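Please examine the sequence and the three-dimensional model shown below. The paragraphs after it lead through the structure step by step.

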Amino acid sequence: MYIKLHSSLKEIIMMLIGILIGSLMLSCLDSLYIQNVQTFQYLGKSGAGKVIVAKKNAVAFSAILSKDITVGGKEVVKYDSLLTNVGGAYDKSTGIFTAPYKGIYTISCSLMSHPKNNVHLAIMRNGKKLSLVYSASGTNHSAQTLQLLLNKGDKIWIQNHNGHKASLHDHGSYNLFSGVLITQI
């Protein structure tokens, strides 16, 4: 009985030591994660060897279409319903996002064409096409997400890429234009 009890006690002690070590490791990892999130500033070095440092200015917007719309050839899509506009950088009257800071941004666009037509939308920066989003007639849905280094004052918008009218199908959920500042540099 002594040997059996001794063996069981040894297993219990080893299990408790394992749980204690695991708890300490999780605690250390949690502390390290929190510290990294709170102090994350070093992003790397530029070509000139200068350290790129993050700054703390929030910019984020999400805008959708509240109804079906038709846009003319090469016309800017004006997403009229704002879900978020932290920093006020998106202007729903023009459909244009203006970068308030130099930094790395994520820009996204989703598209659903009206069942009667195909649509090509261009993601534009300062008048130059960056990317296209395509939706065939029917109920095809597509999206594009870009990570971009933008300068202060750069303008981003979504426009009809074609030279003819395009109808977008929506009831407040399919067509989205959004962006967020990942880090200021």
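Methionine 124 is buried, as its relative accessible area is 7%; buried means under 20% relative accessible area, exposed means over 50%, and partly exposed lies in between (1.4 Å probe, protein chains only). This residue belongs to strand E9. Helices (H or I, at least four residues) and strands (E, at least two) are DSSP runs, numbered from the N terminus. The structure is a predicted model, in which local features need pLDDT of at least 70 and side-chain atom pairs count only at pLDDT 80 or more, while totals for chains, interfaces and linings use all residues. Residues are numbered from 1 along each chain as its sequence is written, and side-chain values use heavy atoms, with hydrogens and water left out.

What does methionine 124 touch, not counting residues up to four places away in sequence? Its contacts (heavy atoms within 4.5 Å) are Lys129, Leu130, Lys155, Ile156, Trp157 and Gln159. Lysine 155 is 31 residues away along the chain, yet the C-alpha atoms of methionine 124 and lysine 155 are separated by 7.9 Å.

The arrangement of the strands comes next. An open sheet of five strands runs in the order E6-E7-E12-E9-E10, with antiparallel pairing. Its edge strands, E6 (90-91) and E10 (128-135), each pair on one side only. Two strands count as paired if DSSP finds at least two bridges between them. Strand E7 (residues 96-98) and E12 are joined in the antiparallel sense by three bridges, and lysine 155 in E12 is the bridge partner of threonine 98. In general, strands of a sheet pair through backbone hydrogen bonds, either parallel or antiparallel. The chain as a whole has 14 strands and one helix.

In soluble globular proteins, nonpolar side chains tend to be buried together. A nonpolar core is a set of buried Ala, Val, Leu, Ile, Met, Phe, Trp, Tyr and Cys residues joined through side-chain atoms within 4.5 Å. The largest such core has 29 residues, of which Val77, Tyr79, Phe97 and Phe177 touch the most other members. At least two residues of this core come from each of E3, E4, E8 (103-112), E9 (119-125), E11 (141-150), E12 (155-160), E13 (166-168) and E14 (176-184). E8 gives the most, with four residues. A second, separate core of five residues includes Ile96, Ala122, Met124 and Trp157. Phenylalanine 177 has contacts that include Phe61, Tyr79, Phe97, Ile107 and Trp157.

Which two side chains meet in a salt bridge? They are those of lysine 67 and aspartate 80, at 3.8 Å from N to O. A salt bridge is a side-chain nitrogen of Lys or Arg within 4 Å of a carboxyl oxygen of Asp or Glu, and the structure holds one. The pair links distant parts of the chain, 13 residues apart: lysine 67 lies in the loop between strand E3 (60-64) and strand E4 (69-71), and aspartate 80 in the loop between E4 and strand E5 (81-86). Lysine 67 is partly exposed, with a relative accessible area of 47%, and aspartate 80 is partly exposed as well, at 27%.

Buried residues make up 34% of its 185 residues. The average pLDDT, the predictor's confidence in each residue from 0 to 100, is 82, and 74% of the residues score at least 70. Over residues 29-46, pLDDT stays under 50.
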